[in-house]
Amino acid sequence: MSTYTAVAHTNIALIKYWGKKDPQLIIPYNSSLSLTLDQFYTKTTVTPATTDQFTLDAQPITGPGLTKMTAFLDILRAYAKTDQKLAVTSTNHVPTAAGLASSASGLAALTVAATAALGLNLPKQTLSRLARRGSGSACRSIYGGFVEWQKGQTDEDSYGVPLNPAETTDLDIAMIALVISDTAKTVSSRQGMANTVATSPFYPAFVQRCEADLTAIKAAIAAKDLQQVGEIAEANALKMHATMLAATPPFSYFLPETLQAIAAIQQLRTQGYLCYFTMDAGPNIKIICAASQSQRIAQALKKLLPKVAMVIAKPGPGAKLI
Ligand code: ADP
Ligand code: DP6
Ligand code: CO
């Protein structure tokens, strides 16, 4: 057992995961589909130690954050049949808990580095299953390119599968992240989706529509029809956000600037630009567009939204040891 470092990139879902059928094992109600991004990632180093320790972005983590880490490491230790404690040092090159998927890159990097530190050498499917136990979306960040999280029924058959075995895509696609706020959300994804599942009358309709949206978007990706991909993804995200407004108590991740950004995107569309948006559990918007047009679209958008930071991301790679 020795020290290992892993890098994992974030992924943004085009068909969303927003609810656990089995909260203990993190088995979702519906399958989802994402794109792994090259610009946002986590780097995590894991080393054998006498007690579990966690340092995130140079801050020692104690209390509930450390308890959560230990609970996840316990899952990995049970799998490895060892009680070896671990020291985890991680850096997010993505805002933490702001709806830019830090839990996806964070738990994927942790799974890859910690399983290696525990002496395991696992196939990607097993890494994806284990990462899922830490954060559902993390099972998709094990792979690059477009990734489907096949919901499955049990711990064994719920994992990410890359649409293309090479983990790349020949679709001309980029996502422009509009960083409206990088402060941590008040309602975590975990709490938000649990409240939605328990109380929103719109939730069953969302789950039902996700199945059709997933089939349709896979056909659109195969046909290299970016407009269809964008239309389906944008509508799917809005259906997810609608479930939250109908929850008890109602909640929302929209800020006024989020609505301004959406209006700007709609305005660019009337001018002939091909651009759509998606949005997760946070106020930040991700624009889906052709990589070849992303600079032009970002420039046009800068004029409408001069204060918003923009990052142009392209398809990124899967998680790996470095
Ligand atoms: P996000 O939108 O960023 O994914 P979530 O609410 O899903 O937000 O998850 C945020 C949580 O993910 C953090 O509170 C922390 O528990 C976990 N997390 C984020 N980054 C890391 C990391 N690098 N290593 C381990 N856990 C992380
Ligand atoms: C809106 O994977 O962060 O980004 O499994 O509780 O850790 P936990 O939640 P998480 O939820 C992601 C929700 C989403 C949609 C998606 O990524 O599919
Ligand atoms: Co998350």
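I take helices (H or I, at least four residues) and strands (E, at least two) as DSSP runs, numbered from the N terminus.

I am working on a predicted model, where local features need pLDDT of at least 70, side-chain atom pairs count only at pLDDT 80 or more, and totals for chains, interfaces and linings use all residues. Residues are numbered from 1 along each chain as its sequence is written, chains are lettered from A and ligands numbered from 1 in the order in which they are written, and side-chain values use heavy atoms, with hydrogens and water left out.

**Entry 1: ligand 2.** I began with the shell around ligand 2. Which helix gives the largest share of that shell? I found helix 5 (residues 189-199), with three residues. In this shell I count a residue as near if one of its heavy atoms lies within 4 Å. There are 16 residues around ligand 2, and Y17, K20, S135, G136 and S137 come nearest. By class I get six nonpolar, five polar and five charged. Here Ala, Val, Leu, Ile, Met, Phe, Trp, Tyr, Cys and Pro are nonpolar, Asp, Glu, Lys and Arg are charged, and the others, Gly among them, are polar.

Next I looked up polar contacts (a pair of N or O atoms within 3.5 Å; within protein, one must be able to donate a hydrogen and the other to accept it, and residues adjacent in sequence count only if both atoms are side-chain atoms). The side chain of S135 puts an N or O atom 2.7 Å from an oxygen of ligand 2. A polar backbone atom of G136 is 2.7 Å from a ligand 2 oxygen. For R140, a side-chain N or O atom is 2.7 Å from an oxygen of ligand 2. The protein buries 93% of the 460 Å² that ligand 2 exposes when taken alone. I use the Shrake-Rupley method with a 1.4 Å probe for accessible areas; for residues, only the protein chains shown count as cover.

I also checked the domains, whose bounds come from an automatic or database domain assignment. Domain 1 (4-168) and domain 2 (170-313) each give at least three residues to the ligand 2 shell.

**Entry 2: ligand 1.** I repeated the search for ligand 1. It has 18 residues around it, and the closest are S90, N92, A97, S102 and K185. What lies 2.9 Å from a nitrogen atom of ligand 1? I found a polar side-chain atom of S90. The side chain of K68 has an N or O atom 3.0 Å from an oxygen of ligand 1. S103 brings a polar backbone atom to 3.0 Å from a ligand 1 oxygen. Ligand 1 has 580 Å² of accessible area on its own, and the protein covers 84% of it. Strand 5 (53-56), strand 7 (85-93) and helix 2 (102-117) are the elements giving two or more residues to this shell. Helix 2 gives the most, with four residues. I sorted the shell into seven nonpolar, nine polar and two charged residues. Domain 1 (4-168) and domain 2 (170-313) each supply at least three residues.

Entry 3: I moved to strand 12 (residues 285-289), where five of five residues are buried. Buried means under 20% relative accessible area, exposed over 50%, and partly exposed in between (1.4 Å probe, protein chains only). I285, I287 and C289 are on one side, K286 and I288 on the other, and both faces are covered.

I count strands as paired if DSSP finds at least two bridges between them. Strand 10 (residues 174-179) runs antiparallel to strand 12, with five bridges. M175 has I288 as its bridge partner. Strand 11 (residues 276-279) also pairs with strand 12 in the antiparallel sense, over four bridges. There F277 is partnered by I287. A hairpin of five residues joins strand 11 to strand 12.

**Entry 4: helix 3.** I noted that helix 3 (residues 124-134) has nine of its 11 residues buried. Among them are T126, L127, R129 and R132.

**Entry 5: backbone checks.** I found a cis peptide bond from T248 to P249, with omega near -5°. P249 is in the loop between helix 7 (226-245) and helix 8 (256-270).

I26 has phi near 55° and sits in the loop between strand 2 (20-22) and strand 3 (27-28). Is I26 buried or exposed? I26 counts as buried because its relative accessible area is 1%. A58 has phi of about 70° and lies in the loop between strand 5 and strand 6 (59-60). A58 counts as exposed because its relative accessible area is 67%.
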